[in-house]
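Reader: I would like to go through the salt bridges, with the criterion behind each label.

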Amino acid sequence: MNNWIGSSALHRDMGQRDAALLDAAWRDAFVLEVDSVGGFLSDRGVPQELVPRGGRGADDIALGTFHGRPWFARPVHSLRGGEAASWRDVDPRWREPVAAAVALVRWHTLARHCERCGAPTRPDGGGIRRVCPACGMMTFPRQDPAIIVAVLDPEDRLLLASQRAWPQKRVSVIAGFVEAGESLEQACWREVQEEVGVTLEAVSYVSSQPWPMPRSLMLGFVATTQQSTVQPDGDEITWGRFWTRDEVSRALETEEIVLPGSASIARGLIDSWLSHTLLQPSAGSRIGNT
């Protein structure tokens, strides 16, 4: 369904973060400039590298080795020249190092003070963490878990809905952040009930992907319900309904609806359902089973 399943092509050890080895790796590195909102220069989705000049900077972030070449991200205030792109626009072949670059640059931008004592922190370990010189606390990159769930009714129709903040024709599956003290499955049940008034019957995990905008980890699920109608909350969700595969195909042809971009797990879930490869939850995942 996506290229996040299996081992990563980005090897993150980078010489175990030894400073001398990082300096040596810098000389042959692919250096990607990333601004504070996660933008980078690209040519039709292919990231454009910065030719390294001088030595490795204190803020340069060692991402790892990708297809045999060291990769670094350089935080910048603004990009100069070329076509600016966001992570969702990147060519699929480059998603792993760019996702890491965007996520880490944005985290470093926001984590400049110690959570314990408030003192300024500094990058450490080639950018894999930040350390507080005042109290010694180490801080590591944070990811915010969010669920995204493809809901199927008794006729195997897929629930697609539109958010108020989206263009009018755009539809997708239901998503939301995991709240404190709840499981991923509980977040699925809660979000679907809150946003479209649908009670789930069973939930199963499918796959995940990073979504560095700014720091989410999207966890994909498939769920079933005995309901066939929806009640959008009118606040976040403006409209939605269950669709057959033929209805989705016709609506795409007539441009009645627009689906999420190919970089998203949302599109992966929808495409898997369209191709009959999205497996429904097993009996053991139904509410009441332990």
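Reader: What makes Asp271 buried, partly exposed or exposed?
Author: Asp271 has a relative accessible area of 34%. Buried means under 20% relative accessible area, exposed over 50%, and partly exposed in between (1.4 Å probe, protein chains only), so Asp271 is partly exposed. This is a predicted model, in which local features need pLDDT of at least 70 and side-chain atom pairs count only at pLDDT 80 or more, while totals for chains, interfaces and linings use all residues. Residues are numbered from 1 along each chain as its sequence is written, and side-chain values use heavy atoms, without hydrogens and water.

Reader: Why is the contact of Asp271 and Arg267 called a salt bridge?
Author: The term requires a side-chain nitrogen of Lys or Arg within 4 Å of a carboxyl oxygen of Asp or Glu. For Asp271 and Arg267 the N to O value is 3.1 Å, so the pair qualifies. Both lie in helix α5 (residues 265-274), four residues apart, or about one helical turn. Helices here are DSSP runs (H or I, at least four residues) and strands are runs of E (at least two), numbered from the N terminus.

Reader: Why is Asp60 called buried?
Author: Its relative accessibility is 4%, so Asp60 falls in the buried class. Arg74, at 22%, is partly exposed.
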